[in-house]
Amino acid sequence: RWMENITGCIHGGICASLADQAMGIVAYGLQEAGTVAPTSQMQMYYHRPLPSEEPFVLKVRIIDTSKHLIHLAAELYCLKTPEAVIFSSTAAYFRK
């Protein structure tokens with residue numbers, strides 16, 4: 001329960017870590033073997049609280065790729081209410 005805030009929902013910083021990790025895996029998968037894709041910038045948009053006991057889905061999509069940057073977006077929602085986005089995020093990752 002260490003991930004919960006005082007309201008019993010998942011802390012916003014944990015949500016940001018989930019988004020960054022998921023998008024980072026996609027960015028890494030777009031790289032050449034043996035290279036990395038560190039986060040350049042990231043924005044979080046919190047729409048509603050993430051209940052700590054609810055199963056959820058986190059989807060990542062590619063917005064754009066260029067020679068130096070990979071732009072991605074993510075959305076998280078609970079399985080019971082897929083129409084209600086909990087948070088969304090956009091980020092850019094360096095191509096190295």
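Which side chain does a polar contact of 3.4 Å join to that of T35? Keep that question open while you set up the view.

**Before you start**

This is a predicted model: local features need pLDDT of at least 70, side-chain atom pairs count only at pLDDT 80 or more, and totals for chains, interfaces and linings use all residues. Residues are numbered from 1 along each chain as its sequence is written, and side-chain values use heavy atoms, with hydrogens and water left out.

**Stop 1: T35**

Select T35. The residue sits in the loop between helix 1 and strand 1. Helices (H or I, at least four residues) and strands (E, at least two) are DSSP runs, numbered from the N terminus. Now show the side chain of Q31: this is the partner of T35 in the 3.4 Å polar contact. A polar contact is a pair of N or O atoms within 3.5 Å; within protein, one must be able to donate a hydrogen and the other to accept it, and residues adjacent in sequence count only if both atoms are side-chain atoms. The T35 side chain also reaches the backbone oxygen of E32, at 2.6 Å. T35 counts as buried because its relative accessibility is 18%. Buried means under 20% relative accessible area, exposed over 50%, partly exposed in between (1.4 Å probe, protein chains only). Beyond four places in sequence, T35 touches Y28 and K96; contact means heavy atoms within 4.5 Å.

**Stop 2: helix 1**

Select residues 12-29, which form helix 1. Its 18 residues should span 26 Å at 1.5 Å a residue, and the end C-alpha atoms are 26 Å apart, so the two agree. The expected span is 1.5 Å times one less than the number of residues. Colour C15, A19, A22, M23, G24 and A27: these are the buried residues of the helix. They pack against strand 1 (39-46), strand 2 (56-65), strand 3 (69-78) and strand 4 (85-94).

**Stop 3**

Two strands pair if DSSP finds at least two bridges between them. Strand 2 and strand 3 are joined by nine bridges. Pick L58 and you find its bridge partner, L76, in strand 3.

**Stop 3: two serines**

Which strand holds S88? Strand 4 does. S88 is buried, at 13% relative accessibility. Its side chain makes a polar contact of 2.8 Å with that of H47. Move to S40, in strand 1. S40 is partly exposed, at 35%. Among the residues it touches beyond four places in sequence are L69 and Y93.

**Stop 5**

How many salt bridges does a search of the whole structure find? One. A salt bridge is a side-chain nitrogen of Lys or Arg within 4 Å of a carboxyl oxygen of Asp or Glu. Select E54 and K80, whose side chains meet at 3.3 Å, N to O. E54 is in the loop between strand 1 and strand 2, and K80 is in the loop between strand 3 and strand 4, 26 residues apart. E54 is partly exposed at 22%, whereas K80 is exposed at 65%.
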